[in-house]
Amino acid sequence: MAGTPTPEEMKKIQSSKWYPKYHVAPPYGWLNDPNGFSWYKGEYHIFYQYHPYSVNWGPMHWGHSSSKNFYEWKHQPIAIAPGALSEGHEWYDWDGCFSGCGYEFENKLWLMYTSQKFNGPGGVNSSANPSGINPSGSSGGGNVTERQCFAYSEDGINFTKYEKNPVIDIPNDHPIIANIDFRDPKIWDHDGKYYCVIGNRIRDRSRTQIVMFESENFFDWKFKSVVAISNPDGSEGTMWECPGFAHFGDKYVMIISPQHVPPQGRLYHNIHQAGYMVGTLDYDKGIFTHGNFVTFDYGFDFYATTMMKNPEGRYFIIAWLDMWQSPFPEQEDGWSCILTIPRELKMREDGVVVTVPPDELLELRKECVSYDNLTLEEATQLEGVKGDVGELLFDVDLKQTGDFSFELRCSDDGTEKTVFYYNAAEKYFGLNRDKAGRDQSGVREFDLPELDVLQFRIYLDKSSIEVFMNGGEYVMSTRVYPREDSLGIRFVPTSGKMVIPTLKFYPFDL
Ligand code: FRU
């Protein structure tokens with residue numbers, strides 16, 4: 001891409017075949033992690049890792065969108081640019097502005113981000129990639145110093161880098177924290193103090209840890225503790241990116257995005273994972289005592305979760321609805337990657353963490369096609385139930401149903417379809433992308449307990465499918481790149497019949 005697209009070119013990009021209608025996507029160029037998710041002056045703000053100069057990852061900027069309702073997103077100007085490309089030529093983020101958080105303090109919106117500075121040859125034109133694609137990148141080579149910095153705004157749109165940056169700068173000889181692979185800060189407050197957690201890989205690179213800092217005044221940060229650390233056997237990954245804490249009463253949920261977790265049975269077949277651990281946080285000792293890692297998503301494309309708490313005290317997460325090393329065929333149209341819908345993060349009475357589409361999205365429901373008491377004995381398409389932008393809800397009565405599947409984005413000639421399937425004997429659920437469209441293949445599966453019913457709530461948006469099951473206890477997300485006229489939805493009893501007590505389809509008029 002040569003320079004900023006003209007308004008006409010931009011319009012063409014944003015109306016191209018796979019561009020979403022209600023998800024966050026870049027106006028043009030490349031997007032990865034969501035950043036700085038916050039509520040400020042009456043709007044939600046989401047920032048994202050952004051490379052405006054090409055459709056590939058490159059020196060990271062913070063792109064920005066805002067919304068009052070989680071589905072109408074407005075593109076805003078770039079919030080932060082790396083020093084080499086910004087007017088101030090700041091030394092500390094010369095090579096990029098990596099992920100971080102947003103926090104309102106004294107009426108200003110503060111963004112804390114990780115600055116990138118190459119120590120040797122390399123620099124802003126290097127193709128170093130943080131997620132291990134290129135071994136000279138920050139995850140592989142160790143020639144980049146990562147520090148934590150602030151930018152602030154009084155209007156939520158125009159940001160100024162803080163004069164005293166960096167605010168967290170770890171010396172090379174620090175006994176506990178290595179200043180390479182030291183990124184993605186998340187701030188919260190508790191009992192009148194400010195806390196910040198940051199992902200880190202220990203100096204000999206054998207383990208990853210989350211380190212916690214503390215501040216009385218929001219600007220001077222002191223290292224407090226290693227709040228959590230991975231198993232030495234590598235089974236929990238090589239680097240925990242994008243940490244954060246939510247709490248529900250005295251239970252804390254630590255979100256993390258672990259790189260390179262080895263596959264375990266049906267789980268962890270993506271290159272990187274995103275999920276959480278539940279436990280208790282001892283603020284005096286600075287230690288999080290926790291249970292096992294649980295993934296947020298069993299599909300192909302979900303990474304770098306970030307979280308926010310709105311003024312009503314509701315927690316929301318949002319993630320990159322893509323994955324490192326995936327194909328991104330939308331690049332031919334001048335843009336790459338989208339974010340997930342925001343999900344409300346909740347803890348059920350029984351302590352199980354669920355993520356559910358926020359009620360705000362119910363406003364998208366207008367027209368409704370509904371069916372009751374369906375007993376299907378053969379593959380069926382239902383009148384009025386088809387499309388690529390909308391919400392599909394249905395229950396399957398497992399007591400009366402054998403193996404079944406349903407297929408989304410089907411072409412009339414049967415050559416394209418994204419298939420979701422349930423195996424009743426072995427009790428697992430899966431997703432097959434072999435015929436989903438351009439450039440993709442493979443399956444993702446996960447085991448289910450004994451259940452009477454599977455409840456589906458599915459969001460479709462041009463090139464994405466997000467399947468929420470049983471109140472958000474299980475979710476599968478994927479990008480798909482079918483032809484524009486592959487709009488069919490089929491329900492397929494594969495052994496015996498398929499009993500669907502209720503079904504509703506809401507095509508969205510966007
Ligand atoms: C996660 C990540 C973050 C980093 C950012 C760089 O996908 O590697 O750790 O801050 O991407 O773009």
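The following legends describe close-up views of a predicted model.

In this model, local features need pLDDT of at least 70 and side-chain atom pairs count only at pLDDT 80 or more, whereas totals for chains, interfaces and linings use all residues. Residues are numbered from 1 along each chain as its sequence is written, and side-chain values use heavy atoms, with hydrogens and water left out.

**View 1. The shell of residues around the ligand.** The ligand is surrounded by 14 residues, each with a heavy atom within 4 Å of it, and the closest are Asp33, Gln49, Arg183, Asp184 and Glu241.

View 2. A polar side-chain atom of Asp184 lies 2.6 Å from an oxygen atom of the ligand, while for a polar side-chain atom of Asn32 the distance to a ligand oxygen is 3.0 Å. Ser99 takes part through a backbone N or O atom, which lies 3.1 Å from an oxygen atom of the ligand.

View 3. Gln440 is placed in the loop between strand E27 (428–432) and strand E28 (443–447), where strands are DSSP runs of at least two residues, numbered from the N terminus. Gln440 is buried, with a relative accessible area of 8%, and buried means under 20% relative accessible area, calculated with a 1.4 Å probe and protein chains only. A polar atom of the Gln440 side chain lies 3.1 Å from the backbone oxygen of Arg479. Apart from neighbours within four places in sequence, Gln440 is in contact (heavy atoms within 4.5 Å) with Pro327, Arg433, Asp434, Arg479, Val480 and Tyr481.

Notes. Polar contact = N/O pair within 3.5 Å; in protein donor to acceptor, adjacent residues only side chain to side chain. Helix = DSSP H or I, 4+ residues; strand = E, 2+ residues; numbered from the N terminus. Buried < 20%, exposed > 50% of the residue type's maximum accessible area, 1.4 Å probe, protein only.
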